[in-house]
Amino acid sequence: MKRALRDAWIAAHVTLITFMALPAVSRPVSKSDIWDPTVRAEIVGWASTLRRHGYRPNNDRVIEGVWEVANLAHKGRAVVLAPFDPYSRWLGTWQAWRMFVAPQRFPVRFSVEVQVQGLWRVVYRDVGPESWGADLLRGERGRSLVFSTGWTGAQMGRERFGRWLANEVLGDHPEATAARVRYQRVALRPPADVIAGTPERVTDDVSVMLLRGEAP
Amino acid sequence: MKTWLRWWSGDEPAQSLALVRVLVGLAVLSDLATMAWVGALGPAWSLTTSGGIVDATRKDLPLVAMASDPALLLWGTMVASALAFTVGWGSRAALVVFGLASAQSALHYPMGDRAIDMLLRNAIWILAASGCGATLSLSARLRSGTWMPAVEVPAWPRRLLVLQLVVMYFTAGVQKFGLLWMPMGDFAALYVILHDWGVTRAIPTWAHNPVGFFVLQLGTASTLIWQWTYPVVLVAPALARQPTPWGRWLARWRPERAWVALGVVFHLGIAATLDLGLFPWGMLALYPALWDPRGQATGLRGT
């Protein structure tokens, strides 16, 4: 009996981990996810590859199609996995191996600023000498927080993390009247541009601000 | 069906699983220590009401009802249980407690739940169901008077760990469908990743010339091929048992060892160039599972 139970558990677990590991999006895809510059660059890149092979896809239709297929796949997967949901939820046995699926062509440059007498002053910059909170922000945990909240569609996470961080920086800078965390997205330069010294181009600039006295 | 059942039956010495237990424990302990040291506890697991970023109004987090600041409770539970299973004192119970606490931490802040947290949690459950505490443990010392008694334990948990690794590497490979991993994208993935300040240790100025870029292109293609073909680690030892010329060749040369060795190089390379925290060390902590303690081969061969 014990052996039969063990074999049944192994069979169910192996089936579950294999099915969960099949390629799929991790959550419903919003339009803002699709319009993230890295995602868009991927889709446009694949569309032009198809064009080179004689197909004539329209970029917007391809984007719309990818959005529909991704959400359909997510829904189908959710239906199949629903009976296992309590098991995977309480034991945390997910299988999301989407690692560096499509490298970030538009990485975020992250900075923290305080406002003193009406002027903004940078106190932390990921690439620079300003190092307030560097222990956290330059560490892997901090970087992954910045990375995950830097996505175009991650407004809620960005707002929470940004306000928490702004509150922390205001605590350390009593002279400041406001603080903001800033996500500047830049277009990564190809090797030739780096060698030629072409400066980085900022494609997007989003910040979260907190005034002194405001709840974080 | 018979082959399937044979794969999951049989006993073997406990050293491989015990070594995985100790190394996983050391890896997570160092990660938890770093987390506290850099002050990441607050943003990762504290509630908005205690100065953190986890939504305090959520109803699906049992620890929220138990503690006003669950971050410290979670962290303390994980440290205590990791310490216990690392030294091998009540390993099974400690692994279960750690697994549950780790799953709670993932529910608290899903965006902070890294791939390595997920993988180690999966390994923790398999270890909890195994006899990994039978040797290299305080319990063994107290029970038998020696730290390393020669004990045999069921082999299936180690084989399940190998399968887990294969599933992880293979599906991570097939999901790398970004253009930059492909010839159409000039195999520029590693170049781009090493320039992403979110993960890189230092901008690779050495790659800003044709030779350096070519080295990274080679690295990109090798990574992809290695991950796509990682099931060799399972398949080659299984085929090596067949009484055919091909089986004899596989038994003699054991090509799966090359994939395992490449894995070590891959993770050490990652540790040197990218700041992925626990990832390379957590992965390497699972590698003793690829060692058949009977010394026959890696993977599922020793049945």
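Me: In this predicted model, which strand does S3 of chain A pair with, and in which sense?

Reply: In the predicted model, strand S3 of chain A, residues 178–187, pairs with S4(A) in the antiparallel sense, over 10 bridges.

Me: And what stands opposite A:Ala178?

Reply: A:Ala178 stands opposite A:Leu211, which belongs to S4(A).

Me: What is the strand order in the sheet?

Reply: The order is S2-S1-S3-S4 in chain A; the sheet is open, has 4 strands and shows antiparallel pairing.

Me: Which strands stand at the edges?

Reply: Strands S2 (119–125) and S4 (201–211) of chain A do; each has a single partner strand, so one side of each is left without a neighbour in the sheet. On average, neighbouring strands of this sheet are turned by 30° against each other, direction ignored.

Me: Staying with chain A, which residues form the aromatic cluster?

Reply: One aromatic cluster is formed by A:Phe110, A:Tyr124, A:Phe161, A:Trp164 and A:Tyr183.

Me: How many aromatic pairs are there over all chains?

Reply: The structure holds 13 aromatic pairs over all chains. One of them is B:Phe85 with B:Phe98: the ring centres are 5.7 Å apart and the planes stand at 85°, beyond the 60 degrees required, so the pair is edge-to-face.

Me: Where do those two sit in the chain?

Reply: B:Phe85 lies in helix H5 (residues 70–87) and B:Phe98 in helix H6 (residues 91–108), both of chain B, and the two residues are 13 residues apart.

Me: Buried or exposed?

Reply: Both B:Phe85 and B:Phe98 are buried.

Me: What about B:Tyr191 and B:Phe213?

Reply: B:Tyr191 and B:Phe213 also form an edge-to-face pair, with 5.4 Å from centre to centre and 85° between the planes. B:Tyr191 is in helix H10 (residues 189–194) and B:Phe213 in helix H11 (residues 210–228) of chain B, so the pair ties together parts 22 residues apart in sequence. B:Tyr191 has 2% relative accessibility and counts as buried; B:Phe213, at 13%, counts as buried as well.

Me: Turning to the surface, which residues form the nonpolar patch?

Reply: The patch consists of B:Val235, B:Leu239, B:Trp246, B:Trp249 and B:Trp253, which together have about 540 Å² of accessible area. Helix H12 (232–239) and helix H13 (245–253) of chain B are the elements that give two or more residues to it.

Me: Which element gives the largest share?

Reply: H13(B) does, with 3 residues.

Me: How accessible is B:Leu239?

Reply: B:Leu239, found in helix H12 of chain B, has a relative accessible area of 34% and is partly exposed. That value lies between the limits of 20% for buried and 50% for exposed.

Notes
Residues numbered from 1 in each chain as written. Chains lettered and ligands numbered in written order. Predicted model: local features only at pLDDT ≥ 70, side-chain atom pairs only at ≥ 80, totals over all residues. Heavy atoms only, no water. Pairing = 2+ DSSP bridges. Axes fitted to C-alpha atoms, helices over the stretch in contact; angles between N-to-C directions. Patch = residues over 30% accessible without salt bridge, like charges linked within 9 Å, V, L, I, M, F, W, Y side chains within 5 Å. Areas by Shrake-Rupley, 256 points an atom, 1.4 Å probe, with all protein chains shown as cover. Salt bridge = Lys/Arg side-chain N within 4 Å of Asp/Glu carboxyl O. Buried < 20%, exposed > 50% of the residue type's maximum accessible area, 1.4 Å probe, protein only. Phe/Tyr/Trp six-rings, centres within 6.5 Å; stacked < 30°, edge-to-face > 60°.
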